[in-house]
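Subject: Structure handover

Hello,

Here is the structure I said I would pass on. Please open it alongside this note; my findings follow below.

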Amino acid sequence: MRVLVLGGTRFVGRALVEEALRRGDEVTVVNRGTAAPPEGARTLQADRRVPGSLGAAFDEADAEWDAVVDTWSAEPAVVRDAVRVLRGRVDHYGYVSSRSVYRWPLPVGLDESAPVVDSDPASTDQSDYAAAKRGGELAVLDGFGDRCLLARAGLILGPYEDVGRLPWWLDRIARGGRVPAPGPAERPLQYVDARDLGRWMLDAADRGVTGAFNTVSRPGHATMGSLLEACRTAIGADGPDRTVADLAWLSPEAVAKAGATGWADLPIWVPPTGELAGLHDGDVAAAYAAGLTCRPVEETVADTWRWLRTEGGLPSRADRPPLGLTPEVEAALAAAAR
């Protein structure tokens, strides 16, 4: 296909561009020029927040595309403006949305029919992530109707992760010692590797798949135990002199008593009960029926560790709260483990 990617140099965008090139697609990347896309992609420079910038870049390129993929997660008006410029130039619009568009708390077993938050596609507010993503969806639906794909991803992991969840665990385990591990070890996880998300969106565009989909793995594709053991294995395989941490498993009750929270203090993990439980237990039957496949957790972890070792990872995103344990909370968890 002729594929246009808005962004294409960070995390999901970069993974998707690499997948498109691997497929043999003709790829055009549009960004501000602050980072280079993968070799083999054509680059157009534009600042989406500057009125007329995208249109000028597309006019200069004098091109049309079979599909566009947009990963924007800030103010919806930016998506709306891109949609307006791309109508008539693109056949299929793929938007990387989020399960955050559903009203909180997410019930266990939530599917695509669940109620969503209110939003405005013309909004210039980016402070509410859920409303921003829903506004982006509405903008795409308004411009492309039944020619768009809304990929409502949940937790996204893999190489190039710029949120820092899996990198935090890898870095902490690489430091060695006894690592507080939030249990139970068999706690099912639900996530998607950015590369699997990108491959599925490209395949869907190729096959004309449209609509809204919860785009993550089935619950239990991995567990907290298999994820952390994969981290230990990946780090241990890096050389015989590397110290591999021991995992000190804690019950959800012990975690809470020590003052730690799921998702932020202990990235990826959430308690099996309570309002966060639905983050790892959504209905993804529609996405799997539409061809989604997810690679083993061991591959995701090993490739992320290799990326961290070769490229050094990415600085923390300024638009996201910091992740991980403070020394005080980790000490409390360590005492609980003893």
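In which loop does Pro184 lie? Pro184 sits in the loop that runs between strand 8 (178-182) and strand 9. Please keep in mind that this is a predicted model.

Pro105 belongs to the loop between strand 5 and helix 4 (129-144). As background, most peptide bonds are trans.

**Positive phi**

Most residues other than glycine have a negative phi. Asp62 is not a glycine, yet its phi is positive, at about 50 degrees. Look for Asp62 in the loop between helix 2 and strand 4. Its relative accessibility is 69%, so Asp62 counts as exposed.

Trp263 is another case. Its phi is positive, at about 75 degrees, although Trp263 is not a glycine. Trp263 is placed in the loop between helix 8 (252-257) and helix 9 (285-289). With 22% relative accessibility, Trp263 counts as partly exposed.

Strand 1 (residues 2-6) pairs with strand 2 (residues 26-31) in the parallel sense, over five bridges. Arg2 has Glu26 in strand 2 as its bridge partner. Val5 stands opposite Val29, also in strand 2.

Is strand 1 largely enclosed or largely open? Four of its five residues are buried, so strand 1 is largely enclosed by the rest of the structure.

**Helices across the sheet**

**Helix packing**

Helix 7 (residues 224-236) is the one to centre the view on here. Start with helix 5 (residues 165-174), which packs against helix 7 at an angle of about 55 degrees, with the axes 10 Å apart. The two helices are therefore oblique to each other. Their crossing is right-handed.

Which residues make this contact? Helix 5 brings Leu166, Trp169, Leu170, Ile173 and Ala174. Helix 7 brings Met224, Leu227, Leu228, Cys231, Arg232 and Ile235. Of the contact residues, ten are nonpolar, none is polar and one is charged.

Next, helix 10 (residues 297-311). Its axis and that of helix 7 come within 9 Å and cross at roughly 45 degrees. That makes helix 7 oblique to helix 10. This crossing is right-handed too.

On the helix 7 side, the contact uses Ser226, Leu227, Ala230, Cys231, Ala234 and Ile235. On the helix 10 side are Val297, Glu298, Val301, Ala302 and Trp305. These residues divide into nine nonpolar, one polar and one charged. Leu227, Cys231 and Ile235 of helix 7 meet helix 5 and also meet helix 10.

**Pro188**

One last residue. Pro188 lies in strand 9 (residues 188-189). At 33% relative accessibility, Pro188 counts as partly exposed. Leaving out residues up to four places away in sequence, Pro188 touches Pro219, Gly220, Ala222, Thr223 and His280. Pro188 and Val270 are 82 residues apart in sequence, with 9.9 Å between their C-alpha atoms.

Best wishes

Note on methods:
Residues are numbered from 1 along each chain as its sequence is written. This is a predicted model: local features need pLDDT of at least 70, side-chain atom pairs count only at pLDDT 80 or more; totals for chains, interfaces and linings use all residues. Side-chain values use heavy atoms; hydrogens and water are left out. Two strands pair if DSSP finds at least two bridges between them. Axes are lines fitted to C-alpha atoms, for helices over the stretch in contact, and angles run from 0 to 180 degrees between N-to-C directions. Angles under 35 degrees count as roughly parallel, over 145 as roughly antiparallel, 65 to 115 as roughly perpendicular and the rest as oblique. A crossing is left-handed if the near helix is turned anticlockwise from the far one by less than a right angle, and right-handed if clockwise. Contact means heavy atoms within 4.5 Å. Ala, Val, Leu, Ile, Met, Phe, Trp, Tyr, Cys and Pro count as nonpolar, Asp, Glu, Lys and Arg as charged, and the others, Gly among them, as polar. Buried means under 20% relative accessible area, exposed over 50%, partly exposed in between (1.4 Å probe, protein chains only).
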